[in-house]
Amino acid sequence: VALSERMGGGGDDACGATSRPPVRYTRWDSGGRIDSHRISVAPMLECTDTHFRRVCRLVSRRAHLWTEMVNQDAVVHSWRSKPEMLAYGDEEHPLTVQLGGASPERLALAATVCDAEYRYDEINLNCGCPSARVVNKKDVATCFGAALMRDPEHVGECLRRMREAVDVPVTVKHRLGVRPTEKSADDSMDSYAFVSDFVDVVNQSSGVEHFIVHARAAVLSGLSTTGNRTVPPLRHREVHALADDFPRLGFTINGGVETLDQAAEHLESGKLRGVMLGRAAYRNPALLAEVDARFYGDEPREAFRERYAGKARVAGRWDADGFRLANDSGGIRTEDDRLGSRGSFFALDGTDTTSVCVTRRDVLERYAAYGDAVCAMNVHAVARFPNALLTPRRLAKAVLGLGHGARGGGGFRRACEREFGEWTRRLRGGEPPETLSFSDLVRGAASEMDAADLDAPLASCATARAHGEARYG
């Protein structure tokens with residue numbers, strides 16, 4: 001069933017951009033709504049925190065977002081004392097939390113917390129992380145991540161216990177197989193027969209029906225985490241073969257997908273449930289700008305841009321933004337509130353199209369206001385640790401990718417770092433932290449970028465410019 005009526009028809013739009021082919025329903029779509037998993041942003045340690053996820057949400061309202069991997073024991077033992085560990089805003093939905101661990105009992109407890117206390121939409125078990133810190137522990141029984149693939153029955157038991165403990169879907173993310181070392185001739189756990197058996201055993205023993213597959217093997221020793229993302233060859237065809245061989249299960253492909261055109265090619269057959277974007281989206285969040293229109297049938301952002309073209313700014317575009325608690329009557333959060341589990345900031349559920357971010361400048365200005373609010377809630381930590389500035393630096397890190405492909409993008413990054421040095425100097429000189437402005441920092445750093453690139457449609461920022469002036473980093 002085509003959604004062409006939601007795509008604005010054929011031909012070229014007012015901005016000169018060619019309309020995309022109509023989005024079509026698959027068997028995972030229901031009630032006239034497209035499954036959120038069609039495009040998702042991969043879980044990435046020290047990357048996909050709540051700040052980066054909110055940047056993604058300003059660019060795409062529909063892509064499915066994921067947390068970083070969270071250890072089962074950290075959740076079980078620290079969720080009350082460190083609620084910020086699992087913090088997110090309601091505007092981040094749809095959102096999956098990924099757990100790491102190998103104990104069926106503790107994974108079930110952690111899943112219970114994530115469901116009952118934090119209300120995540122979905123819970124995932126990590127069976128793909130190749131980091132030596134998780135796959136090469138002295139106690140083999142405590143190894144997790146990709147090491148779990150060596151025991152499909154145990155993975156199935158973990159997932160079964162998790163499913164029994166929660167009321168939301170449980171999924172698994174894994175590799176195509178594992179090898180002891182890069183040069184090892186032992187491919188007994190690195191073949192299509194192995195991964196096919198893994199999927200069958202896990203599904204039969206747990207009932208899990210959605211498998212997110214990184215289309216590479218994991219090397220468990222002698223290769224870094226970064227190397228594990230690039231050295232083992234991509235085998236996309238095997239993921240498609242799994243979809244053919246297990247037609248009643250859902251498969252999302254991950255690994256090596258760098259563009260939306262590549263994502264569309266993977267989805268063309270209608271057999272895959274979704275495509276997961278990883279480092280490409282982190283390096284350049286603007287890559288997500290066309291996702292809503294191209295894959296979910298929403299109105300293109302360029303149409304919103306036309307409605308206020310020629311105006312320097314639409315007054316009050318984002319006046320509805322501001323921290324609000326999910327469990328109260330709408331009161332504004334104060335700086336005494338801790339970063340709780342479901343504090344929403346961005347008003348993204350309205351019908352006012354002038355609130356849509358269509359340029360880099362839009363995203364930066366709107367995100368900067370969020371940064372000011374977060375810094376105000378952490379003002380005491382900023383004053384106590386003037387050299388570290390952990391929260392402001394994390395806020396800035398999440399938005400640096402918007403410099404990708406822009407003239408002066410590297411200058412944007414360097415200006416942020418220089419300004420943090422100035423913040424430290426001012427704080428150590430006795431200046432109160434309340435005088436520091438994250439908005440001023442972002443605005444000043446953004447001035448290093450070419451104004452034409454700052455005000456260009458986000459869709460045009462999805463790929464880096466070809467000329468030599470475009471830099472990142």
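Mentor: Residues are numbered from 1 along each chain, and side-chain values use heavy atoms, without hydrogens or water. In this predicted model, local features need pLDDT of at least 70 and side-chain atom pairs count only at pLDDT 80 or more, while totals for chains, interfaces and linings use all residues.

Trainee: What makes the phenylalanine 211 and phenylalanine 251 rings a stacked pair?

Mentor: Rings of Phe, Tyr and Trp (its six-membered ring) pair if their centres lie within 6.5 Å; planes under 30 degrees apart count as stacked, over 60 as edge-to-face, the rest as tilted. Here the centres are 5.7 Å apart and the planes stand at 25°, so the pair is stacked. Phenylalanine 211 lies in strand β6 and phenylalanine 251 in strand β7, 40 residues apart.

Trainee: Are these two phenylalanines buried or exposed?

Mentor: Both are buried. Buried means under 20% relative accessible area, exposed over 50%, partly exposed in between (1.4 Å probe, protein chains only).

Trainee: How do you know that the buried residues of α9 line one face?

Mentor: In helix α9 (residues 236–245), His236, Glu238, Val239, Leu242 and Ala243 are buried. Down the axis, they fall within an arc of 165°, so they line one face. The arc is taken from the directions from helix axis to C-beta atoms.

Trainee: What do the buried residues of α9 pack against?

Mentor: Their partners are β5 (170–181), α7, β6 (210–221), β7 (250–254) and α10 (260–267). Contact means heavy atoms within 4.5 Å. Helices (H or I, at least four residues) and strands (E, at least two) are DSSP runs, numbered from the N terminus.
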